[in-house]
Amino acid sequence: MSVPLLKIGAVLSTMAMVTNWMSQTLPSLVGLNGTTITRGGTSEKIISALYPSPEEGWQIYSSSQDVEGKCVCTVVAPAQNMCNRDPRSKQLRQLMEKVQNITQSMEVLDLRTYRDLQYVRNTESLMKAVDSKLKIASDNPRTLNPKSFQELKDKVTQLLPLLPVLEQYKSDARMVGQLKEEVQNLSLVLMAIQEEMGAYDYEELRQRVLLLETRLHSCMQKMGCGKLTGVSNPITVRASGSRFGSWMTDTMTPSSDNRVWSMDGYLKGRRVLEYRTLSDFTKGQNFVQHLLPHPWAGTGHVVHNGSLYYNKYQSNIIIKYHLRSRSVLLQRSLPSAGYNNTFPYSWGGSSDIDLMADENGLWAVYTTIPNAGNIVISRLEPQSLEVLQTWDTGFPKRSAGEAFMICGTLYVTNSHLAGAKIYFAYYTNSSTYEYTDIPFHNQYSHISMLDYNPRERVLYTWNNGHQVLYNVTLFQVISNAGD
């Protein structure tokens, strides 16, 4: 009789586990832990989860028409190119999966309970038959000899404790049926909630969001260039390295390269760390090391179309280092460019030559003695490093905190310290300039590198040992013709 007892114990243990899961897990999945539900069936906690912060999603700042009937839009892309999903949708999907799994488990448990119940019922009949025979033998002791009678009595005594277990098992079997019915009711309630959340099921909504993301990316590429009108709050990606340094991703469009490079320090460095993805960089894992054949000066490095461009230490030479082959492809002097802290930014650090890239190609920002220390912009040919065209901005480089190029326009900050703002803009397409007043939140009070990435449309900064990103707002006039 030990076999049915073991089976009963297994069933009861399984039911206890299911009941415990239902009582502890379901409330957290539907967001009811610590939340008071109002009569309308909503709560402040759930409602607030439906509205992500502006930094997490695409933002359309304004839309209007100009005098010519053209549509004027201002769009900002998120730091990470993905749309947030409604957290309640994710919870609902998880809950539906759990309900499906527990329903299947309950069906299996129901079959096992039915099978084992039949076995127990047979055992109960056998026990009653033995008890009946025992009574007959007790009434007519002559039918049994003393030894057989004692053995039969001992077996019956062993079976007697099974009676209350059988009654409890019958009750538990009824409970299984009730629990199955409750799960079915829960499924109906969840389906009703899903209908209230929208006319589309989760997968259809997800496909629609992905399609919208694709169209937004396509729209952003068609937008091309625009005028900088705003910079977001800083997004700290990581805190690592010394006070000075630079970090970057490839600026070439439409590169699918997701690697991240980090170069700590501003003088005589040769060690470049290459991370597989931004996530790996954030965690400080999955990286390889490049040991440059020539040390660098400053922090004005840039990765463009698979090559690292940097200023060679104690010279005005630009080096093109190919990252895949780990070899120097080219070295070329930048004519008359100052170096070795002759004309650095306001923070110093041998930042005489600042290399950068935007939608229009590769640039060098520097100054010369003939230009009296004012910022010079040169557009470079990436293959030969030949200077294609040069502009004299008239802005003193030592008064600039940092600078970056967007769509052929040089934007200059008035300080590298707290309280900085984007103060000056020089437009190479028209050889004109203007003074600006664009707020720029310098969170960690000492920026030693500031560069724009046209592929991601974000600003990269190294701020007092912190690697930080900023979204940018570009003003663009788009014709409403076509797509």
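Analyst: Start with burial: buried means under 20% relative accessible area, exposed over 50%, and partly exposed in between (1.4 Å probe, protein chains only). Arginine 259 counts as buried, at 7% relative accessibility. This is a predicted model: local features need pLDDT of at least 70, side-chain atom pairs count only at pLDDT 80 or more, and totals for chains, interfaces and linings use all residues. Residues are numbered from 1 along each chain as its sequence is written, and side-chain values use heavy atoms, with hydrogens and water left out.

User: How do I read a salt bridge, and how many are there?

Analyst: Look for a side-chain nitrogen of Lys or Arg within 4 Å of a carboxyl oxygen of Asp or Glu. The count here is four. One of them joins arginine 259 to glutamate 274, 3.3 Å from N to O. Glutamate 274 is buried, at 12%.

User: Why does the pair of arginine 259 and glutamate 274 tie parts together?

Analyst: Strands are DSSP runs of E, at least two residues, numbered from the N terminus. Arginine 259 lies in the loop between β5 and β6 and glutamate 274 in strand β7, so the pair links parts 15 residues apart in sequence.

User: Which strand pairs with β6 (residues 260-264)?

Analyst: Two strands pair if DSSP finds at least two bridges between them. Strand β6 pairs with β7 (residues 267-275), antiparallel, over three bridges. Tryptophan 261 stands opposite glutamate 274 in β7. The open sheet runs β5-β6-β7-β8. Its edge strands are β5 (245-248) and β8 (287-297), each pairing on one side only.

Terms used: Helices (H or I, at least four residues) and strands (E, at least two) are DSSP runs, numbered from the N terminus.
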